[in-house]
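Student: I have a model open and want to learn how to read its features. Can you take me through it?

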Amino acid sequence: MRLAHVALWTTDLESAASFWQKYFDAKVGDLYASKRRVGFVSRFVVLPDSGDQIELMSGPWVSDLGYSERVGWDHIAVSLGSTDKVDRMAERCAAAGNLISPPRMTGDGFYEAVISMPDGTRVEITS
């Protein structure tokens, strides 16, 4: 078994797609607009090397209520392959104002930093 893709809601589909393209060099797919669910639009982004896919979804009913812990998925973690790559990405994100937590070694053995998509969705970057 493997995950086919993960999906997340966003209030700004184009900014979300640009984020994944800018920071992860992801390939952004064509815009899909549902004919059955009026207002639903999405784009798939594909991460290089792995082919892993993230479906970015939006619709007029999606609201940005800010971050709060709740039942459900909390974040996605993307392995960049080395501590140096984590450090470099964290520096880029700090300069852009979307670094939440600087690089550190976690208690469970991961070297990671936490960055934010334009809508506040958290992404862990790991070595």
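The dialogue below goes through charge pairs, rings, strands and backbone angles.

Student: What kind of model is this, and how are residues numbered?
Tutor: This is a predicted model, where local features need pLDDT of at least 70, side-chain atom pairs count only at pLDDT 80 or more, and totals for chains, interfaces and linings use all residues. Residues are numbered from 1 along each chain as its sequence is written, and side-chain values use heavy atoms, with hydrogens and water left out.

Student: How many salt bridges does the structure hold?
Tutor: Start with the idea. Side chains of opposite charge can pair when their charged atoms come close. A salt bridge here is a side-chain nitrogen of Lys or Arg within 4 Å of a carboxyl oxygen of Asp or Glu. The structure holds 3.

Student: Where do E14 and R43 lie?
Tutor: E14 is in helix α1 (residues 13–24) and R43 is in strand β4, so their pair ties together parts that are 29 residues apart in sequence. The N to O distance in this salt bridge is 3.0 Å. Helices (H or I, at least four residues) and strands (E, at least two) are DSSP runs, numbered from the N terminus.

Student: Is R43 buried or exposed?
Tutor: Use the cut-offs: buried is under 20% relative accessible area, exposed is over 50%, and partly exposed is in between (1.4 Å probe, protein chains only). R43 is buried, with a relative accessible area of 16%. E14 is partly exposed, with 41%.

Student: Which residue forms a salt bridge with D84?
Tutor: R88 does, with the closest N and O atoms 2.2 Å apart. D84 and R88 are 4 residues apart in helix α2 (residues 83–96), so about one helical turn separates them. D84 is partly exposed at 41% relative accessibility, and R88 is partly exposed at 44%.

Student: Which residue forms a salt bridge with E112?
Tutor: R104, and the closest N and O atoms are 3.8 Å apart. E112 is buried, with a relative accessible area of 7%. R104 is partly exposed at 42%.

Student: What joins the side chains of E55 and H5?
Tutor: A polar contact of 3.3 Å. That term means a pair of N or O atoms within 3.5 Å; within protein, one must be able to donate a hydrogen and the other to accept it, and residues adjacent in sequence count only if both atoms are side-chain atoms.

Student: How many aromatic pairs are there?
Tutor: Rings of Phe, Tyr and Trp (its six-membered ring) pair if their centres lie within 6.5 Å; planes under 30 degrees apart count as stacked, over 60 as edge-to-face and the rest as tilted. The count by this rule comes to 7 aromatic pairs. One of them is W9 with F40, edge-to-face, at 5.9 Å centre to centre and 85° between the planes. This pair links distant parts of the chain: W9 is in strand β1 (residues 6–9), and F40 is in the loop between β3 (32–33) and β4 (41–46), 31 residues apart. F40 is buried at 11% relative accessible area, whereas W9 is partly exposed at 36%. W9, Y32, F40 and W61 form one aromatic cluster.

Student: In which sense do β7 and β8 pair?
Tutor: Two strands pair if DSSP finds at least two bridges between them. Strands β7 (residues 99–105) and β8 (residues 111–116) have 4 bridges and are antiparallel. M105 has Y111 in β8 as its bridge partner. The hairpin has 5 residues between the strands, and G109 takes a positive phi near 95° there.

Student: How do β6 and β9 run?
Tutor: Strand β9 (residues 122–126) runs parallel to β6, joined by 4 bridges. S79 stands opposite T126 in β9. Strand β6 (residues 76–79) has a covered face of I76 and V78 and an uncovered one of A77 and S79.

Student: What is the phi of D25?
Tutor: Most residues other than glycine have a negative phi, and most peptide bonds are trans. D25 has a positive phi of about 55° although it is not a glycine. D25 sits in the loop between α1 and β2 (27–28) and is exposed, with a relative accessible area of 59%. D49 also has a positive phi, near 70°. D49 is in the loop between β4 and β5 and is exposed at 87%.
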